Amino acid sequence: MSGEKRTCRAIGPVANRLLALGLLLLAATGCGVKNDPVPPHTVVPAPVADLRYSLDEKGVTLRWTAPRKLADGGRVKTLQGFEVLRAVVEEDEACPGCPLPFGEPQVLAATGVLPGDTVQYSGTLLRPRHLYAYKVRSLGGWRAASRDSNVVSFVWQTPPAPPAALKVTEGDGRLVLAWSPEAHTLDGEPISGPVAYRIHRRSGQEDFQLLAETAAGTTEYTDQTVTNGVAYDYQVRAVRLAGETRQAGGPGDAVSGTPRDLTAPAPPVGLVAVREEGGVLLSWPASTERDVAGYRVYRRSLLNPGFVLLGETAASATRYLDKKPPRLLAHDRLYYAVSAVDGASPPNEGERSREAGLRSD
């Protein structure tokens, strides 16, 4: 075996015969091989067919699916690794149909990668105005490499600068974002092509996640996938558009917003006012709206037309006793009304109900 040095010495006729017999057995059984060797072509994975890429301010991220099948149709049991091959050409020297000068592959270990998993590779330190092309190969047993994957390519440009003046307007079940258009790269050069924007959002201690990408030139976005009372943070990135290439820049400063319930409950219906010994008893049917937290009771008179708040009740209380109604002069009249309020902070108060009136004593 490679790296080993063996020596022999004479040990007599019997020993020589035993040694000869041992060599015959060794030749018949092989040197430590317990199973028949597996032909390399039987462990070659099928080629990757879904290589794709995305660009941000740091560089390129490649993603692909680890093959589930072998080239002969069998099932992949284990993967040894992957080879990533890259070609670089100055943009001015690139020509359609010309062969790409792929360099030596970079080998990635497949530790922990199972067939069907998404594999990711990041490349940085890219040079502006250069065409980059990538392809990958999967490595099976005995480092048997698959055929090449599909090729992805793009021209790397200086990323756009982060958008400025990001603001959020809070609404009911929505947050509206607006920002200034970005037309320059990180090095201050103007961007000639169209620019779109990516909105990233998080809540609490979560990481920022991509929420949406706007159309080119759009500098406003309404997020209606929010919950009232929950705080959200947002960042926006500018995205250079060049054909099918989308190159995102870095994020700008984060802003926060909390959507609020701004919808007031409907007014109660069926208010009744009855004079009794203890004062004026008001009653009304309970509201059918789920967010009603209570009611507010108002009173006015014909001679004093401005409503005065008498008090509040809980949502479960639909009766109120006005213990000290004013003594009315002749031809005067009392009027009562009730409004519903919700549990928002601050609460939203709905319109007052139709009035219930009482004549003078």
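Author: The model is predicted, so local features need pLDDT of at least 70, side-chain atom pairs count only at pLDDT 80 or more, and totals for chains, interfaces and linings use all residues. Residues are numbered from 1 along each chain as its sequence is written, and side-chain values use heavy atoms, with hydrogens and water left out.

Reader: How many salt bridges does the count come to?

Author: A salt bridge here is a side-chain nitrogen of Lys or Arg within 4 Å of a carboxyl oxygen of Asp or Glu. By this rule the count is 14.

Reader: Which strands hold glutamate 83 and arginine 137?

Author: The two side chains form a salt bridge at 3.2 Å, N to O. Strands (E, at least two residues) are DSSP runs numbered from the N terminus. The pair ties together parts 54 residues apart in sequence, because glutamate 83 lies in strand E3 (residues 81-90) and arginine 137 in strand E6 (residues 130-139).

Reader: How many residues apart in sequence are the parts tied together by arginine 260 and glutamate 170?

Author: Their side chains meet in a salt bridge at 3.8 Å, N to O. Arginine 260 lies in the loop between strand E15 (255-257) and strand E16 (272-276), and glutamate 170 in strand E8 (residues 167-170), so the separation is 90 residues.

Terms used
Helix = DSSP H or I, 4+ residues; strand = E, 2+ residues; numbered from the N terminus.
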